[in-house]
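Dear colleague,

Please find below the structure that I am handing over to you.

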Amino acid sequence: MRIASAGPRIDPAAQRAALREAIGAFYTARQAGDVASFAHYFAPDARLFVLGNPVLNPGSGMRLGRPDIVSYLRHIHATNDYLDFTLVSVVAEGDTIAVWWRARIKARSNNGEGTFDNLDQMRIRNGQIIELAQFFDTGAFAIMKGRIPLP
């Protein structure tokens, strides 16, 4: 499974469609907890960084390599249910891809629910992700999980 990179002989419209399809499959695997499919999009030495304070959001931090990334995906699916997902926008330039996506999540610990906009910034090498940084409102996530009281 590969994320298509730019090529001189590929029609730009076809290239955008192929990229959107690959990104859609990647996020479908993520939301479904399909660990094997999700992991194959990453290079063996990939890094995944989730921005945030690990005290408020234990999922925050750096994951190094496929095994660590797989462990992260298993953890988030063990603690949350993904109720809805929308791929909002994909922008690519060179080896960099930015993906805006939205998910409705239910915390298993307290049944709290929330909808979160996420921005993932990726770098691609040889059709695989070598870096992925994820940005979302970790404060609102901590409130949903009951780690911070409502104001």
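Helix 3 gives the most to the lining of the second largest pocket, with four residues. Here helices (H or I, at least four residues) and strands (E, at least two) are DSSP runs, numbered from the N terminus. A pocket is found on a 1 Å grid over the protein atoms alone, as an open set of points with protein on both sides within 12 Å along at least five of seven lines, and lining residues have an atom within 4 Å of a point.

Please note that this is a predicted model, in which local features need pLDDT of at least 70 and side-chain atom pairs count only at pLDDT 80 or more, while totals for chains, interfaces and linings use all residues. Residues are numbered from 1 along each chain as its sequence is written, and side-chain values use heavy atoms, with hydrogens and water left out.

**Pocket and cavity**

The second largest pocket has a volume of about 230 Å³. Its lining comprises 21 residues, of which N57, I76, N80, Y82 and F141 are the closest to its centre. Two or more lining residues come from each of helix 3 (65-79), strand 3 (80-93), strand 4 (96-107), strand 6 and helix 4 (138-145). A volume is the space filled by probe spheres set on the grid points, which are joined across faces, edges and corners.

The structure also holds one cavity of 30 Å³ or more; a cavity is a set of grid points where a 1.4 Å probe fits but cannot get out. About 40 Å³ of space lies in the largest cavity. Its lining is formed by F26, R30, F38, L48, D120, L132 and Q134, with helix 1 and strand 6 as the elements that give two or more residues.

**Aromatic pairs**

There are 11 aromatic pairs in the structure. Rings of Phe, Tyr and Trp (its six-membered ring) pair if their centres lie within 6.5 Å; planes under 30 degrees apart count as stacked, over 60 as edge-to-face and the rest as tilted. The pair of F26 and F38 is stacked, because the ring centres are 5.1 Å apart and the planes are at 15 degrees. This pair links distant parts of the chain, with F26 in helix 1 (residues 12-32) and F38 in helix 2 (residues 35-40), 12 residues apart. F26 is buried, at a relative accessible area of 1%, and F38 is buried at 2%. The term buried means under 20% relative accessible area, exposed over 50%, and partly exposed in between (1.4 Å probe, protein chains only).

F116 and F136 form an edge-to-face pair, 6.5 Å centre to centre with 80 degrees between the planes. F116 lies in strand 5 (residues 113-125) and F136 in strand 6, so the pair ties together parts that are 20 residues apart in sequence. Both F116 and F136 are buried. Ring pairs also join F26, Y27, F38, Y41, F42, F85 and W101 into a cluster.

**Salt bridges**

Seven salt bridges were found in the whole structure, each being a side-chain nitrogen of Lys or Arg within 4 Å of a carboxyl oxygen of Asp or Glu. One of them joins R47 and E131, at 2.2 Å from N to O. R47 lies in strand 1 (residues 42-50) and E131 in strand 6, 84 residues apart. R47 is partly exposed, with a relative accessible area of 37%, as is E131, with 24%.

E131 also forms a salt bridge with R123, the closest N and O atoms being 3.0 Å apart. Through shared partners, salt bridges join R47, D95, R123 and E131 into one network.

A further salt bridge is formed by R108 and D81, with the closest N and O atoms 2.7 Å apart. R108 is in the loop between strand 4 and strand 5, whereas D81 is in strand 3, 27 residues away.

**Backbone**

Most residues other than glycine have a negative phi. N111 has a positive phi of about 65 degrees although it is not a glycine, and N126, likewise not a glycine, has a positive phi of about 55 degrees. N111 is in the loop between strand 4 and strand 5 and is exposed, at 51% relative accessibility. N126 lies in the loop between strand 5 and strand 6 and is exposed, at 60%.

With kind regards
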